[in-house]
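Okay, thanks everyone for coming.

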Amino acid sequence: MTMPDSVAGLLQIMTVLVVLVALHRPMGAYLAWVYSARRDWRLERGFYRVIGVDPSREQSSGAYLRGILVFSTVGIAFVFALQKLQALLPYSLGFGSIPNALSFNTAVSFVTNTNWQSYSPDVTMGYAVQLGGLVVQNFVSAAVGMAVAVALIRGLARVRSGTLGNFWVDLTRGLARVLVPMAVVAAVVLLAGGVIQNFGGFEHVTTLTGGSAVIPGGPVASQEAIKMLGTNGGGFFNANSAHPFENPNAFTNLFEIVLMLIIPFSMPRLFGRLVGDTRQGTAIAAVMATIFAASLTAMTIFETHGATGAMEGKETRFGVWSSTLFATATTSTSTGAVNSAHDSYSALGGMMALLDMMFGEISPGGVGSGLYGMLVLAIITVFIAGLLVGRTPEYLGKKIGPRQITLASLYILVTPTLALAGTALSFALPGVRDSVISTSIFNPGLHGVTEVLYAYTSAANNNGSAFAGLTANTDWMNISLAVVMLLGRFVPIAFVLALASSFAAQDKVPATAGTLPTHRPQFVGLLLGVSIVVTALTYFPVLALGPLAEGLN
Amino acid sequence: MSVRTSARPWWVALRAMLVFTVVLGVAYTALLTGVGQLVLPHQANGSTVSSGGSVVGSSLIGQSFADEDGKPLARWFQSRPSAAGDGYDASASSASNLGPSNADLASSIKDRRAAIAAFEGVAPAAVPDDALTASGSGLDPAISPAYALLQVKRVAAATGLSDAVVHRLVESRISGREAGYLGEPTVNVLELNVALAALTKD
């Protein structure tokens, strides 16, 4: 008696749900301790001495932002330099120096937590660049995202304060107390599941037929763990998590899905703890989970009801259900790893991956970025609700005035502007259009338009997944996508920190009969509605030009 | 603001990045490589499979069982179509990335259906979806049980083994879903062919 796919698939989804429900409370409590503990570890104190930072010194939003920008600029320079020097580095597998435009794109991509890959790692990246440059950014870019979310929470929690914490301390604690220990454990689990970890290079063997075959090597498990846990997504191999050495079986597949979701889904709990009302976090998590569930349902229906060819780009061991669950998790967080080829999904199934990103990756979003994105939407929601029913616009006792609503609105505008402008310019600029159409686009017709739209949406939202038929290794694509990734990462962060600072400076107004409660199902519904309206109104026209037209054709 | 204070964050960032490169890049990777090589060497080194005393591949990396011209060899179970290099090139993992409305995808499927139906001597409608499509990695080590069973008659004829023996071999090599409900039932093609080689040797 074999179990139907649908029953097995639903059981798997239930498993993910149960694990997340069970883990998000202790995880949220742990994160709350990490970011509010008074004592520094001896290891951390030593590190602060080495880099020359006084951990007890609080920073204004300006200093906090300056720390992030300077640190990220140095990161880009490091990763760029490593790629240029690849020919001189050990364990480079004979791969040479990487061209400027591609090096720049890759450096920006990993520093911004995007992990867009214009290159094919199998034929481009040696082990030295992967571990010395890319793995390091996998860790630190994730810790930066968490730090920004914590700074915003502190802004909401503090009263008449001019500071938001210390960036270097938040960065260090995120690494030392959260990401590194969890990545070590996760890497060992992946190793046990069959993910490789060696420095063997490409091994050639003679097959049963007398032909030859290659067995690739590499320190993969260590990179894979932080790639998923930090919602990074950059594959060690070109095929990413579809590659059997990155994701050998259905168990590792489930484990990687949980790794992507565990921190983002625990952030609302951290938020609730730090603002002293866990119900506020639960409301946020409920909106995240609802959008996730709706999107997963739609994608799975589109993929299971496709014509022959649903298995194009999918692995036998995963089938449709384990592919759509992974695809929804990777595009709803800012991960962008793939265990199946999104380019070969049905038009409407692929559109769901695109929509997950267009939501601004809030269901549950990247580590840190998901929570701050959702909190900005919560601010907009409180404001709109105030207008509709005549309530005082305030959130957690903080007044939503002209400054706050301006900053929140600007935040919301950044990624759609980048995604749509990048797509439009690719087809509008005369010299560029030829290169995009003749070199970059792979599939003909409307699907080719969607490939370009997907690329800029992915870059603007710092996701990193692709409709990978697209050839992005051209000067236009490498540079324009890098600019979009940079602005899509740091401009929203600047607005979030400005918001945090404006909240921190305020007093807390006591809740009155006129205050809209923000922990009830009513608010969950409102926030959900606002998220959908903002996304749908922004992107509907361009979806109609691409996947909707293709799917309904 | 003095030059000293405005330059400070840059020195902090530079020193931090140097420490992170050593700790998060080198030491972290070295630690896990040590654990892998000492505790889980089989997995860490690619889950290799041997036949007749020599390594013939990895149980996780799919292979082609075709001749030099790409023609399927009748005495071996066949893997799925592959878009990695010229097919199952593990130094160039890749999907086809053909879109759902791409005419090339429809014609590939049509051609493969006809070719496999003729090769196996079955009706075109009997060929399962995984046999008609390229995988996400181009290195899919597995096929569906349906595709493996479809190949029994042809393999039996080419090897001189009886249908029943080959059928039993396939049945014994079907892996159910992990933990009973994760993923899909599969047959590992390389392991199946290694078992087949052992049978034909006697």
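Before I read anything off, one definition: when I say helix or strand, I mean a DSSP run, at least four residues of H or I for a helix and at least two of E for a strand, numbered from the N terminus. And please keep in mind that this is a predicted model.

So, chain B to start. Going along the sequence, the order is α-α-β-β-α-α-β-α-α-α-β-β-α. That's eight helices and five strands for chain B. Now, is this chain a compact globule or something more spread out? For 202 residues the globule rule gives 17 Å, and the radius of gyration of chain B is 24 Å, well over that, so chain B is more spread out than a compact globule.

On to burial and contacts, still in chain B. Of its 202 residues, 47% are buried. And if you take the contacts in chain B with a separation of 6 or more, 54% of them join residues 24 or more positions apart.

Okay, how do the two chains meet? On the chain A side 90 residues make contact, and on the chain B side 81 do. Which helix gives the largest share of chain A's side? That would be α3 of chain A, residues 61–84, with seven residues. By type, the chain A side splits into 51 nonpolar residues, 31 polar ones and eight charged ones.

Next, the inside. The largest nonpolar core has 205 residues, and among those with the most contacts inside it are Phe139(A), Ala143(A), Val148(A) and Leu152(A). Helix α5 of chain A, residues 127–157, supplies the largest share of this core, 22 residues. Chain B is in there too: domain 1 (3–41) and domain 2 (48–201) of chain B each put in at least three residues.

There's also a second, separate core, with 28 residues, including Leu105(B), Leu132(B), Ile143(B) and Tyr147(B).

Leaving out residues up to four places away in sequence, Ile379(A) touches Tyr395(A), Ile400(A), Gln404(A) and Ala408(A).

Last stop, helix α10 of chain A, residues 319–332. At 1.5 Å a residue, its 14 residues should span 20 Å, and the end C-alpha atoms are 20 Å apart, so the two agree. As for cover, 14 of the 14 residues of α10(A) are buried.

Okay, over to you.

Key. Residues numbered from 1 in each chain as written. Chains lettered and ligands numbered in written order. Predicted model: local features only at pLDDT ≥ 70, side-chain atom pairs only at ≥ 80, totals over all residues. Core = buried A, V, L, I, M, F, W, Y, C linked by C-beta atoms within 7 Å. Buried ≥ 20, exposed ≤ 12 C-beta atoms within 10 Å, placed from the backbone. Domains from an automatic or database assignment. Contact = placed C-beta atoms within 7 Å. Rg over C-alpha atoms; globule rule 2.2 N^0.38 Å. Nonpolar A, V, L, I, M, F, W, Y, C, P; charged D, E, K, R; others polar. Expected span 1.5 Å × (residues − 1).
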